[in-house]
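My entries are kept in the order in which I checked things.

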Amino acid sequence: MTKSVTSGAVSCRIALFLYFPVLGFIGFWPSPVDKPVQGALSNFLDFLHLHGIPEWFGYNFVEASANALLFLPVGLLAALAFPARTWLNVGLGLLVSVAIEMGQMTMST
């Protein structure tokens, strides 16, 4: 018996396909995408620190969180697009992440 692909899974596959260029665009932008707001972000973090937010909640934490949020749609869409293929989804996430990191490393040298 073959399982039919639901229209929701097809929509998620299309959205996943369309998200990859966005991810690449952000991942391979020649300068940090937060550069235009770095001053404002720094000022905001300084304000938070002055008002009791711990120092570990700094730029590195915000950047790492933003990177995680950037990849969240890939995982969500892949899980919805291929619900019975857990290892495919894990592999896809790993492949995309490694490809972007390796590409960025190549561009920075």
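The entries below cover the ground rules, then the residues I looked up.

**Ground rules.** I am working with a predicted model, in which local features need pLDDT of at least 70, side-chain atom pairs count only at pLDDT 80 or more, and totals for chains, interfaces and linings use all residues. Residues are numbered from 1 along each chain as its sequence is written, and side-chain values use heavy atoms, with hydrogens and water left out.

**Helix 1.** I took helices as DSSP runs of H or I with at least four residues, numbered from the N terminus (strands would be E, at least two). Helix 1 covers residues 7-27 and contains Val10. For exposure I used these classes: buried is under 20% relative accessible area, exposed is over 50%, and partly exposed is in between, with a 1.4 Å probe and protein chains only. Val10 has a relative accessible area of 37%, so I logged Val10 as partly exposed.

I then looked up the surface around Val10. A nonpolar patch there is formed by Val5, Val10, Ile14, Phe17 and Leu18, and together they have about 490 Å² of accessible area. Patch members need over 30% relative accessible area and no salt bridge; nonpolar side chains (Val, Leu, Ile, Met, Phe, Trp, Tyr) are joined within 5 Å, like charges within 9 Å. The areas come from the Shrake-Rupley method with a 1.4 Å probe, and for residues only the protein chains shown count as cover.

Leu23 is also in helix 1. Leu23 is buried because its relative accessible area is 1%. Its C-alpha atom is 7.4 Å from that of Leu70, 47 residues away along the chain. Ile26, another residue of helix 1, is partly exposed at 32%. From Ile26 to Ala66 the C-alpha separation is 11 Å, across 40 residues of chain.

**Asp34.** What does the side chain of Asp34 contact, given that Asp34 is buried yet has no salt bridge? I found Asp34 in the loop between helix 1 and helix 2 (38-50). A salt bridge would need a side-chain nitrogen of Lys or Arg within 4 Å of a carboxyl oxygen of Asp or Glu. The nearest side chain of opposite charge is Lys35, 9.1 Å away; Lys and Arg count as positive, Asp and Glu as negative, and His and the chain ends are not counted. The side chain of Asp34 does make a polar contact of 2.5 Å with that of Tyr59. Such a contact is a pair of N or O atoms within 3.5 Å; within protein, one must be able to donate a hydrogen and the other to accept it, and residues adjacent in sequence count only if both atoms are side-chain atoms.

His49 lies in helix 2 and is buried, at 18% relative accessibility. Its side chain reaches the backbone oxygen of Phe57 at 2.8 Å.

I counted four aromatic pairs in the structure. Rings of Phe, Tyr and Trp (its six-membered ring) pair if their centres lie within 6.5 Å; planes under 30 degrees apart are stacked, over 60 edge-to-face, the rest tilted. Trp56 and Phe57 are edge-to-face, at 6.1 Å centre to centre and 75° between the planes. Phe57 and Phe61 have centres 5.1 Å apart and planes at 45°, so I logged that pair as tilted. Trp56 is exposed at 57%, Phe57 partly exposed at 26%, and Phe61 partly exposed at 34%.
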